[in-house]
Amino acid sequence: MTALLQVRGLTVAFRTGGLAARLMGRPDRLEVVAGVDFDLAPGETMALVGESGSGKTTLARAVAGLGGEVGGEIGFAGKKLDLRRDGHRLRREIAFIFQDAISSLSPRFTVRSLIREPFRIHGLPCPEGEVERLLKLVGLSPEIADRHPHQLSGGQARRVGVARALTLKPRLVIADEPTAGLDVSVQSEVLNLLNALREELGLSLLIITHNLNVVRHVADRMAIMYLGRFVETGATARIFAGPRHPYTVALLSANPIIDPEARRARIDLEGEVPSLARRPQGCEFHGRCPFVQEDCRLRAPDLRVEADRGFTCHHPLRGEWT
Ligand SMILES: Nc1ncnc2c1ncn2[C@@H]1O[C@H](COP(=O)(O)OP(=O)(O)OP(=O)(O)O)[C@@H](O)[C@H]1O
Ligand SMILES: [Mg+2]
């Protein structure tokens, strides 16, 4: 099947401190996403994982047409997008659920006004009964429409966020940390909801999360991000069963609850994440990698593709994981 979303060589940069930065010898432009490629099929869920600051939110926002100096190519539903001109159109077809977007809102809004807002922004009429229909779709009672954000539980607020994302019938929903800050039982409710909607509406989902249990639960594929690049991508089950990149092993090691039965190699990450302003030579992970060899310091590894997965490592792991 052809991809709904095709991302090729995506870069996202920000202007930083300008003159002050230059005087202090810092670059005044920071490339936060540095050449990312992936496809997302209709109805598919991909998870984006990586340490804080690795560029997950920046990448997702760029895909949704929300900010940064964007380079590269994005294809959506078979059409190449003009990243400057198509921003507005994209925002209808690609919905973005911001982390904790609803409960942090002003108490003067009602749920009804929040759900109607996307229609208003796009100059479209909100059909009669649509707010109630959307609330029902996300498993909430229509009476909630007259409540205010601070009167909602965390789980209800997250569901309202999902309802609001669905107003304009998007084909792709991007959720940034959809379960952060929720109790474990509510987390799985929200994930089950997203999954059910994906099936019912044929949505594609891009989920950003720190929680690898979430990834395992919902994602068909996953991408591991480090310093604004994908270091490993592939089917979730295969990556959990046998990660090839040492950084992936390190991330999985940090999540001990996943499969207590399995004997696993562990890598405890040492050292700081390098600064984006001073990217390391060679493999950008070499300063923190326990398997570093001479060539890792000298030469950046090319992407290696094996079956349905890809990774960038000179000395990938082979089954040492279990
Ligand atoms: N508007 C901006 N201007 C300048 N730098 C930015 C801007 N937005 C993000 N950055 C920088 O880009 C880098 C990546 O940030 P981003 O928020 O995408 O990371 P993340 O992977 O989503 O992290 P987290 O897991 O903490 O949400 C960080 O170094 C951040 O400081
Ligand atoms: Mg983020």
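Analyst: On a 1 Å grid over the protein atoms alone, a cavity is a set of points where a 1.4 Å probe fits but cannot get out; points join across faces, edges and corners, and the volume is the space filled by probe spheres set on them. This is a predicted model, where local features need pLDDT of at least 70, side-chain atom pairs count only at pLDDT 80 or more, and totals for chains, interfaces and linings use all residues. Residues are numbered from 1 along each chain as its sequence is written, chains are lettered from A and ligands numbered from 1 in the order written, and side-chain values use heavy atoms, without hydrogens or water.

User: What is the volume of the largest cavity?

Analyst: The structure holds two cavities of 30 Å³ or more. His 245, Cys 283, Phe 285 and Cys 313 are among the residues lining the largest one (an atom within 4 Å of a point). Its volume is about 80 Å³.

User: Which helix gives the largest share of the lining of the second largest cavity?

Analyst: That cavity holds about 40 Å³ of space, and its lining includes Ala 157, Arg 158 and Gly 161. The largest share, three residues, comes from helix 6.

User: Why is helix 2 largely enclosed by the rest of the structure?

Analyst: Helices here are DSSP runs (H or I, at least four residues), numbered from the N terminus. Buried means under 20% relative accessible area with a 1.4 Å probe, protein chains only. Helix 2 spans residues 56-63 and is largely enclosed because the number of its eight residues that are buried is six.

Note on methods
Buried < 20%, exposed > 50% of the residue type's maximum accessible area, 1.4 Å probe, protein only. Helix = DSSP H or I, 4+ residues; strand = E, 2+ residues; numbered from the N terminus. 1 Å grid on protein atoms, 1.4 Å probe; cavity = no way out; pocket = protein on both sides within 12 Å on 5 of 7 lines; lining within 4 Å.
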